[in-house]
Amino acid sequence: MSKTLKLFVSQLNPIVGDIDGNFDLAAEALRAGAEQGIDLVVLSEFFILGYPPEDLVLKPSAVEIAMAAVQRLAKLTEAGGPGLLIGGPWSEGGKRFNSAFLLSDGAISYRYDKRELPNYGVFDEKRVFDAGEGAAHCIDYRGVRIGIAICEDIWFERVPRELAEDGAEILIVPNASPWRRTIQTERHTTFSSWQKNGVPYLFVNQVGGQDELVFDGSSYAVDVDGKEHQVLGDFVTGHAVVSFDAEQGRISSESETELSVGWAAEYRAATLALGDYVNKNRFPGVVLGLSGGIDSALTAAIAVDALGADRVWCVMMPSRYTSTESLEDAKACAEALGVRYDTINIAPGVGALDEMLDEAFAETQPDTTEENIQSRLRGLTLMALSNKFGHMVVTTGNKSEMAVGYATLYGDMCGGYNALKDFYKTEVFALSNWRNENRPDGLLGPKGEVIPQRIITKPPSAELRDDQKDQDSLPPYDVLDDILRGLVDDEEDVDKILARGHDEATVRRIEHLLYIAEYKRRQAPPGVKVGGKNFGRDRRYPITNRFRDD
């Protein structure tokens, strides 16, 4: 008789710190698994406290309450019913571990402590956890020898090898693996546990936005011969029944799906991240300035797709420099999206500040100071609406602008979240065109063109002075973005960027602008990571910094 293990993959969206809420999600998954005759329900890494916990895990009471919740969950498991594999913290002997717990027959029957602690990019687990000790060992569960590893463990050879040597018939791997553009290739090639040792494995990941990170789920399984089974999709919660035949080393499931690719994946990542940030922090909705430009239009579309039109409030705040085209385009965009749209003229505020500062500014000429006053009045207006009505302000600056400081501190940088923070300007144009032609299933906005074509085709302008264009002070965006990708994402030497044919004076000016704008970025709101290196957790440059690549 073949040994078969019936697994219940639970791809869910836990909330960091919501131990009671995460407990309820786990208990419901256990009940659902029991109804289907499951042997083992599998949840993601650090599920009970939520990932990444950052320094929350340094608070003893948070760890103690999470540990108690795991023990309470254990009591829900019954003899003959499904077991539960769940992640969480464990404190013992003065050490703190990132652990996975196998709960069965009313108790914690096995605990595995993560060995490989990531300490790069957005991860700093060595700051808050101790690594598990000794060689990794398997557990016999209902006639099948199971090896348990946690996320980073299977990026390296040691833990999969130790489990294979201990007779593992399958590896079960809870993950909290954040999404980025290259992640699917990395998961299915770079860290493939099967390629390391030929043991079948089950990858179970969480879903959802957590501050600057977004988790896509995309849970899958791999047979003994390397055949992959994509059992759950990306950016969605859900469950899948997976049967493992230990005699054959094969996995079967009626749940098979395909993942999003290209702009579809990036757009879904942005909408999920914004939606979860708003919902998990219990804002009633969002408010943003709709200028008639492409950044605010795309941000509004993302907000509507994430939250629904009834929770998005767009405000046009014209000045004497706002063009008729911008007024028309902003209104057309708002109507296409179906949002509330109001106009609040900032001209009286500009006049009041001109009068206030008249004596102090005597015998000076107008410059960027007067331009920034307009931007800051718009930020003040949006924050006033936020304070009065509770909506979170969404900022609209793209990565190109954030890189070179082409944004006003306490002005258009003012707000709680930035959906475009990791998208370069050229990517904003491409994503806008894509959204006009596509709307992924499950999103809440309308189909069809939601960003008027003139917004996409007209030259970008901040409209803070007469006849202003972005290209007056910046190189063309295709040039700028290539330079910035080299300086930021790839940490390239200036000489390597120059070798691609860029003008030396331009490259060195952009490098200078990048470094001197660090103080602005430190005060900018968070935004979802989509590329290889985002401004925030990924890139921690000093503010006071005289280095230049001379």
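Helices (H or I, at least four residues) and strands (E, at least two) are DSSP runs, numbered from the N terminus. The model is predicted: local features need pLDDT of at least 70, side-chain atom pairs count only at pLDDT 80 or more, and totals for chains, interfaces and linings use all residues. Residues are numbered from 1 along each chain as its sequence is written, and side-chain values use heavy atoms, with hydrogens and water left out.

**View 1. S177 sits in the loop between strand 8 (170-175) and helix 5 (183-190).** The residue counts as buried because its relative accessibility is 4%. Buried means under 20% relative accessible area, exposed over 50%, and partly exposed in between (1.4 Å probe, protein chains only). Contact means heavy atoms within 4.5 Å. With neighbours within four places in sequence set aside, S177 touches C151, I183, R187, F203, N205, F215 and D216.

**View 2. Helix 13 (residues 425-437) packs on helix 15 (residues 477-489).** Their axes are 8 Å apart, at an angle of about 120 degrees. Helix 13 is therefore oblique to helix 15. Axes are lines fitted to C-alpha atoms, for helices over the stretch in contact, and angles run from 0 to 180 degrees between N-to-C directions. Angles under 35 degrees count as roughly parallel, over 145 as roughly antiparallel, 65 to 115 as roughly perpendicular and the rest as oblique. Helix 13 contributes K425, T426 and E427 to the contact; helix 15 contributes Y477, D478, D481 and R485. By class, the contact residues of helix 13 with helix 15 are one nonpolar, one polar and five charged. Ala, Val, Leu, Ile, Met, Phe, Trp, Tyr, Cys and Pro count as nonpolar, Asp, Glu, Lys and Arg as charged, and the others, Gly among them, as polar.

**View 3. Helix 7 (residues 262-280) meets helix 13 at an angle of about 95 degrees.** Their axes lie 10 Å apart. Helix 7 and helix 13 are therefore roughly perpendicular to each other. W263, A264 and Y267 of helix 7 contact E427, A430, L431, W434 and R435 of helix 13. The residues in this contact of helix 7 with helix 13 are six nonpolar, no polar and two charged.

**View 4. K114 and E125 form a salt bridge through their side chains (2.9 Å, N to O).** K114 lies in the loop between strand 5 (107-113) and helix 3 (125-128), and E125 in helix 3, so the pair ties together parts that are eleven residues apart in sequence. K114 and E125 are both buried. A salt bridge is a side-chain nitrogen of Lys or Arg within 4 Å of a carboxyl oxygen of Asp or Glu. The whole structure holds 42 salt bridges.

**View 5. A salt bridge joins the side chains of E427 and R181 (3.0 Å, N to O).** E427 belongs to helix 13 and R181 to the loop between strand 8 and helix 5, so the pair ties together parts that are 246 residues apart in sequence. E427 is buried, with a relative accessible area of 7%. R181 is partly exposed, at 31%.

**View 6. The side chains of E491 and K533 pair in a salt bridge (3.2 Å, N to O).** E491 lies in the loop between helix 15 and helix 16 (494-498) and K533 in the segment after helix 18 (518-522), so the pair ties together parts that are 42 residues apart in sequence. E491 is partly exposed, with a relative accessible area of 33%. K533 counts as buried, at 18% relative accessibility. Elsewhere, salt bridges with shared partners join R181, E266, E427 and R485 into one network.
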